[in-house]
Amino acid sequence: MSCTDTPGAPPGTPAPPPAALLVAPFDALADPDSEAAAEAALREAVERRPARTVVVRVRSCVVTPQALRILLRAGNRTAPGGVLRVAAEYPAARRVFHLTGFVRALHMAATVPGAVRRGRGGPVGHPSRARPRVPARRPRRPPAPASAPLTGPPRTFLPH
């Protein structure tokens with residue numbers, strides 16, 4: 001099937017314009033035995049609704065080498081000019097992406113909104129979590145002149 005054909009439509013029917021965003025879940029724990037099935041499920045989800053931005057939501061805390069291969073191959077399945085992004089919500093999964101260096105290749109973020117914001121060039125952090133404001137410094141009072149009288153009783157220190 002070519003990129004211009006719509007699945008289930010007669011051959012030669014032009015495909016509808018790609019959507020702006022598609023979020024595809026990736027729940028499978030990919031091992032050598034289930035790699036083909038997991039890849040087929042993700043491929044079917046991505047090809048069923050072509051989109052310019054495809055965010056694959058990794059909902060497993062374990063990311064295997066087979067899962068990394070599947071995600072890299074899924075990047076070629078996006079719409080023409082589209083890009084694949086990955087949202088991995090578990091810290092252990094994000095750590096695997098960082099250690100393997102796939103953070104930049106797969107445009108990884110912790111959440112789906114973060115992955116979308118990263119694609120737009122915005123910050124990846126949560127929008128409601130603004131950076132803490134630095135309190136404004138008060139101007140210091142000038143020191144009292146040496147000739148000013150001391151207020152209060154004189155203090156003496158007695159040895160104990």
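Buried here means under 20% relative accessible area, exposed means over 50%, and partly exposed lies in between (1.4 Å probe, protein chains only). The model is predicted, with local features needing pLDDT of at least 70 and side-chain atom pairs counting only at pLDDT 80 or more, while totals for chains, interfaces and linings use all residues. Residues are numbered from 1 along each chain as its sequence is written, and side-chain values use heavy atoms, leaving out hydrogens and water.

**View 1. Arg73 meets two glutamates.** Start with Arg73, which is partly exposed at 33% relative accessible area. Its salt bridge with Glu35 has the closest N and O atoms 3.0 Å apart (a salt bridge is a side-chain nitrogen of Lys or Arg within 4 Å of a carboxyl oxygen of Asp or Glu). Arg73 belongs to helix 2 (residues 65-74) and Glu35 to helix 1, so this pair ties together parts 38 residues apart in sequence. Helices are DSSP runs of H or I with at least four residues, and strands are runs of E with at least two, numbered from the N terminus. Glu35 is buried, at 14% relative accessibility.

View 2. Glu39 is buried, with a relative accessible area of 14%.

**View 3. A pair within helix 1.** Arg48 and Glu44 form a salt bridge at 3.8 Å, N to O. They sit 4 residues apart in helix 1, about one turn of the helix. Arg48 is exposed at 52%, whereas Glu44 is partly exposed at 42%.
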